[in-house]
Amino acid sequence: MKRVNLNLIVLSAFTLLFVSCKKSSGDKPKTKTDFITEASWKFDNAKVGGADYSSLIQACQKDNTLVFTSNGSGTLDEGITKCNSADPQTNPFTWSFTTNETILHISTVLFTGGSNDFTIVTLNDTQLVLSQNVDIAGTSQNAVVTFKH
């Protein structure tokens, strides 16, 4: 009887060792596409030249959400408060990473005075930080916009 129990213990130990050493599919590091497409993004704050400009962003823009899908399409949802009631609730766009995934190209301009290309400052599970030069009163200034889930 002791021999059966010992064999069972040894077999269990080897099984546990084998299973614990086996890599799981969850060990694969997330890509930038994984991060940007995992949930919708909402405005958090904006800085121009290092100064906080969040209070100057209209409430109708602060409640907008951005959704990126893995096939390169996306949707800008106007949120509860629309800046112009005649605007559609959702606006489709396309997106892609360029320059070794350091630039986010969006087919529509998100901010007045801005462009289609954003430098990616941070992209992780909770934060998307983008920067670009924007024209403010005829002067080019660096704007940094932070989005969150």
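The model is predicted, so local features are taken only at pLDDT of at least 70 and side-chain atom pairs only at pLDDT 80 or more, while totals for chains, interfaces and linings use all residues. Residues are numbered from 1 along each chain as its sequence is written, and side-chain values use heavy atoms, with hydrogens and water left out.

Let's begin with the cysteines. How many disulfides does a search of the whole structure find? It finds one, where a disulfide is a pair of cysteine sulfur atoms within 2.5 Å. The partners are Cys-60 and Cys-83, with their sulfur atoms 1.8 Å apart. The torsion about their S-S bond is about 90°, so this disulfide is right-handed. The link joins distant parts of the chain, 23 residues apart: Cys-60 sits in helix H3 (residues 59–62), and Cys-83 in the loop between strand E4 (73–77) and strand E5 (90–98).

The cut-offs here are under 20% relative accessible area for buried, over 50% for exposed and partly exposed in between, using a 1.4 Å probe and protein chains only.

Now to the strands. Strand E7 (residues 117–123) and E8 pair in the antiparallel sense over four bridges; strands count as paired if DSSP finds at least two bridges between them. On that pairing, Thr-119 stands opposite Ser-131 in E8. The two strands form a hairpin, with three residues between them. E8 also runs antiparallel to E9, and here ten bridges join the strands. One of the bridges brings Ile-136 together with Thr-139 in E9. E8 and E9 form a hairpin as well, with two residues between the strands, and there Ala-137 takes a positive phi near 55°.

Most residues other than glycine have a negative phi. Which other residues go positive? Asn-100 has a phi near 55°, and Glu-101 has one near 60°. Asn-100 is found in the loop between E5 and strand E6 (103–106), and Glu-101 lies in that loop between E5 and E6 too. With 76% relative accessibility, Asn-100 counts as exposed, while Glu-101 is partly exposed at 33%.

Next, the largest pocket, which has a volume of about 800 Å³. A pocket here is found on a 1 Å grid over the protein atoms alone, as an open set of points where a 1.4 Å probe fits, with protein on both sides within 12 Å along at least five of seven lines; lining residues have an atom within 4 Å of a point. There are 31 residues in the lining, and Ile-57, Gln-61, Leu-110, Phe-111 and Thr-112 lie nearest the centre. The elements giving two or more residues to that lining are strand E1 (41–48), E5, strand E8 (127–136) and strand E9 (139–148). Which element gives the most? That would be E8, with six residues. By class, the lining has 20 nonpolar, eight polar and three charged residues.

Last stop, the rings. The count comes to three aromatic pairs, taking rings of Phe, Tyr and Trp (its six-membered ring) with centres within 6.5 Å, where planes under 30 degrees apart are stacked, over 60 edge-to-face and the rest tilted. Phe-68 is in strand E3 (residues 65–68) and Phe-93 in strand E5, 25 residues apart. Both Phe-68 and Phe-93 are buried. Phe-68 also pairs edge-to-face with Trp-95, at 5.6 Å centre to centre and 90° between the planes. Trp-95 is in strand E5, 27 residues away from Phe-68. Trp-95 counts as buried, at 8% relative accessibility.

How values were computed: Points joined across faces, edges and corners; volume = space filled by probe spheres on them. Nonpolar A, V, L, I, M, F, W, Y, C, P; charged D, E, K, R; others polar.
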